[in-house]
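Subject: Structure for your review

Dear colleague,

Please find the sequence and structure below. My notes on the chains and their contacts follow.

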Amino acid sequence: MKSVQHPRRLSGAVALIGVTALLVSGCTREEASTPSSSGTAEASPGITDTTVSLGISSPLSGATAGPGSCTVAGLDSFLEAKNAEGGFTFGDGKTRKVTLEYLDDAYDPAKAVANFRQLVNKGIFAYVGALGTPTNAAVMPIANQQEVPQVLLTAGAGEFSDDQQANPWTSGFVPTYTTEGAAFGKLLVDANQPITVATLVQNDDYGTGYLDGFQSAIEGSQVKVLDSATYEPTDTSVDGQVTQLAASKADVLLSAVSVTPLQVGVLTKAQSLGWKPRIFLPSNTSTPATVLQPGGAAAYPDVYTPSFAKTPASPAFANDPDVQAYNTAFEQYGSKITKTYTPHCAWSYAEGAVLGEAFSTMEEPTREAFMTSLRSISGFQAPLLLDGITIDTTKEDQAAVFTVNLVRYNGTGYEPVQGY
Amino acid sequence: MSLLELQDVTASYGQGSVLHGISLSLAEHGATGILGANGAGKTTTLRAISGTVRTTGRILFDGRDISGLGPDRTARLGIAHVPEGRGTLPQLSVRENLLVGAYQRRDRKQIATDVDYCLDLFPQLQQRIASHAAALSGGEQQMLAVARAFMAKPRLMLLDEASLGLAPSTARHVYEAVRRLRRETGLSMLVVEQNAVLAFSVVEHVTVLETGRVTVEGRTDELMGMDSVRRAYLGG
Amino acid sequence: MAGALVRLRAARWSRPALALVVAVLLVLLPLVSSPYVNYQVTTMAVFAVALLGLNVVMGYAGQVSLGQSAFIGIGAYVAGYGTTHGWPLLLTFLLCCLLPGVVGMLVALAAARLRGLALAMVTIALPIVGTPVAKRLSDVTGGSQGLTVSWLDPPSWVALADDQWRYYVVVAIAAVVFLLTRNLVRGRVGRSFAIVRDNEAVALSMGISPYRTKVLAFTLASTIGGASGFLYLAVVQYTSPETLSFGTSINLVVAMVIGGSGSIAGAVLGAVYYVLVPVLAGQLDASRTALLSGAFLLLVLFVLPGGLVSLPRRVQQLLTRRRRRSATPSDDPGDRTGTPVLTSDGRTP
């Protein structure tokens, strides 16, 4: 009989221990505030005269772990390197060192919300750079309700940037999908000749955003879309769609496929059908080593992709001082978090510089002052950004980076293009 | 009126027909043994009644045609099948197995009385009451299977090869208990058995099957007198 | 020996006493703890309900289901739709249970004739199909960007913060669901689940239709899953196709096994594991959470094959073994996990 009762008693105890552990790690109801001694305005949580604490929750495990880890590693590299130089100079004349708390949400919205609350509970000043559309979408209403900055997000969905009135505490960093699509459209329109296009996009708002940007850019021009197809991210093959599109014999294939193996499939299938259009690839599936080389991209007359940051490993930038600084900092700090490079490492490194820029004009140690400074950056040349691309946070409906350069595959890496 | 009546029943697994038109009848409180060689169709006859094999012909239980009903339906009508190979619930204790047998019943007090009766019938089970069924010996499992079938308060028990794989003394033990069960409760039974001596200890009527057909039937004492039966099933 | 006796006697009154202590703690907890802790404990309640549903079909009825996340997702979407369209709370909740229940039943009607791997494959189809469907029905679901709601704010007559109010609502509903399910699995229905799980032939001979029993188990599981979807939306205030994803289902199965399958307490412990271990792993090293969680999983399965719920029995077993080193092991099968459901009801018929 006792063996029947015992487990319940002790399992209750185990549950209690769990709750206790949470209580200990999460402390109590009183707000953990660290007031600054000076200044006219009372300091926000997470900032003192010598330190400021930032937080981020990104997928560090699971399918999106690669890009997610990079959003932490690149940012951490910039911040730590700057700390080692003495710290960030703020608009109120003080110099502060920045600490970055990072947590793993495995691309799970519920965990992202938990992590956000945990970070706020620990007293972070701002939540920065997090990757993922669903995770950030879940955090957004809470951040805005609690008036905690949720800024410079590494998410291509438009919703984080397109309505600053509704979400004054949220901002995006990387160009939206619409921006990428529009860049392709503009390139074709600028060629000023009749061009035919076939499109393949993901059947959701990622694909819709891409297509919307593209179509509004080509409106009224000589560029014509002959045929369109969609796929599901869970599809195992897009051969059928490619075969259908190949029948159009279009000059250009806009292949907004976000799944790496499927994108490789597009490149192999089209050429096996004898259809060799110019190819436009989105920025998230255009890495030479994992997409272009396995897909045999060299067979196509041209492969374009949007880009806004330099590739640190590329020989073309070997002598670039920004790249050298990045490589040193990443070697020392970022490589502890991840060793695999994705463009997100470079992006989040640049994002660190944007934060520094905002700090430099921030005159009071408050979240309000931070948001004001962050929203008034324009023409800022952040490190690692391609020539001609600058940070502009003053647009009400755009991410901090809203221009992209198109680059062309040259058989090994990418090089700038000047036209179609 | 007889409790169970089979009229020209055939049964088949897939294409091969196993029963070719069997008729038999069992009176209320009666017990009939089904004898026959391997493959004669003994087990299939029980399956035909409990509804686990496809049949043609008529099977009347208490005047109602039950052919075509699934095993769960026939069980609810009061037919308890103790299958070959026992079929106890290994993860559950002996007591739990007995209670499982009473699943369809709601008379809690009587269930408790019946559990006690089963344990009195099979004292070995009393000693293993808290053990997993998996831990029981073959004989104990067979006893448990019979007891569990009894717990359903059936009107007819189908007992299939209860002696299979048991030591002769254990098998005798099981059949002694079955005989007592019949004597004390008047439970009707259809008993399939290779060992005719054991079967004869329980039943009053016997039906002999050969390749899916009834060849001989009659009262036990009549058959005992028949040379052919004696030679074939009683070892002389 | 005397100590054990005292403990045994203590156990008799300590169980209701402990239940009371736990209840009081659960009531007081949100008043003193931070919004973060409240959020986490509320999340545990949500997943405890989800795991309870999974436990009904997998633990009690023994049928593999890899589709539980789909029902959470459907429940959450129904709740989201109801909220944005101003349906009454009770109606929303009932529909959150009903719709996933109907979907689960329809799938089960087709799938319950299958077994083992074939059945598992059919249940996988739910999240696999559900995710793109949720993305496509963007008018209802908000597409892949998901559905954000602002919902379940405390009424004006209650002096509670959002997190506290939601905690009470969610924990109260979860408690009721647990109570109902507990009564169900301890009764006749639970017994039929156990019989079908252990031996379908015996089930048939007892007049139980395994097919109908399985359909019932799936329907219950999906209904409870839908209820947890309602709670999920109440806590997270957001849902997206990710909620339905297959990965969530797998994690739920893992959490159920870790907690202890076929056990009510196991569902709670599984939820504690589901929520707490990633947090603890994140505190140790945020960039190695998967590795640390995996290590913990293996550790639990090696040391406690019956799940966390078997921990006390295991400890007791080890203590007893040490106490009488040379004695032969007892006949009582001590490694028995919390699976059979007949014990409590069955012992006193």
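Two strands are said to pair if DSSP finds at least two bridges between them. Helices (H or I, at least four residues) and strands (E, at least two) are DSSP runs, numbered from the N terminus. This is a predicted model, in which local features need pLDDT of at least 70 and side-chain atom pairs count only at pLDDT 80 or more, while totals for chains, interfaces and linings use all residues. Residues are numbered from 1 along each chain as its sequence is written, and chains are lettered from A and ligands numbered from 1 in the order in which they are written.

Chain A

Chain A contains an open sheet of 7 strands with mixed pairing, in the order 8-7-9-10-11-14-15. Its edges are formed by strand 8 (223-231) and strand 15 (414-416) of chain A, each of which pairs on one side only. From one strand to the next the twist averages 30°; axes here are lines fitted to C-alpha atoms, for helices over the stretch in contact, and angles run from 0 to 180 degrees between N-to-C directions. Strand 15 of chain A is joined to strand 14 (residues 405-409) of chain A by antiparallel pairing over 3 bridges, and Tyr414(A) in strand 15 is the bridge partner of Tyr409(A). Helix 7 (residues 239-246) of chain A lies across strand 7 (195-202), strand 8 and strand 9 (252-256) of chain A, and runs at about 160° to strand 8 of chain A.

Two loops of chain A deserve a remark. The loop between helix 4 (133-146) and strand 5 (150-153) of chain A holds Pro149(A), and Glu147(A) is placed in that loop as well. For burial, a residue is buried if 20 or more other C-beta atoms lie within 10 Å of its own, exposed if 12 or fewer, and partly exposed in between, with C-beta atoms placed from the backbone. Pro149(A) is buried, with 24 other C-beta atoms within 10 Å, whereas Glu147(A) is exposed, with 12. Two residues are in contact if their C-beta atoms, placed from the backbone, lie within 7 Å. Beyond its neighbours within four places in sequence, Pro149(A) is in contact with Ala126(A), Tyr127(A), Trp169(A), Arg367(A), Phe370(A) and Met371(A). Of these, Trp169(A) is 20 residues from Pro149(A) in sequence and 4.8 Å from it in space, C-alpha to C-alpha.

Glu147(A) has a positive phi of about 60° although it is not a glycine. Lys249(A), in the loop between helix 7 and strand 9 of chain A, likewise has a positive phi, near 50°. Lys249(A) is partly exposed, with 13 other C-beta atoms within 10 Å.

Chain B

In chain B, 4 strands form an open antiparallel sheet in the order 2-1-4-5. Strand 2 (16-27) and strand 5 (64-65) of chain B stand at its edges with a single partner strand each, so one side of each has no neighbour in the sheet. Strand 1 (residues 2-13) and strand 4 (residues 54-61) of chain B pair in the antiparallel sense over 7 bridges, with Phe61(B) in strand 4 as the bridge partner of Leu4(B). Helix 1 (residues 42-50) of chain B packs on this sheet, where it touches strand 1, strand 2 and strand 4 of chain B, and its direction makes about 70° with that of strand 2 of chain B.

Chain C

Chain C has 16 helices and 2 strands, and 55% of its 349 residues count as buried. Helix 14 (residues 289-303) of chain C has 15 residues and reaches 21 Å from its first C-alpha to its last. Its buried residues are Thr289(C), Leu292(C), Ser293(C) and Val300(C). Ala295(C), Leu298(C) and Phe302(C), on the other side of helix 14, are exposed. The cover over the buried residues includes strand 3 (95-104) of chain A as well as helix 12 (246-259) and helix 13 (264-285) of chain C.

Contacts between chains

Among the 2 pairs of chains that touch, chains A and C have the most contacts. No contact joins chain A and chain B, whose closest C-alpha atoms lie 11 Å apart. Between chains B and C, 25 residues of chain B are in contact with 19 residues of chain C. On the chain B side, helix 3 of chain B gives the largest share, 5 residues.

Yours sincerely

Note on methods: Expected span 1.5 Å × (residues − 1).
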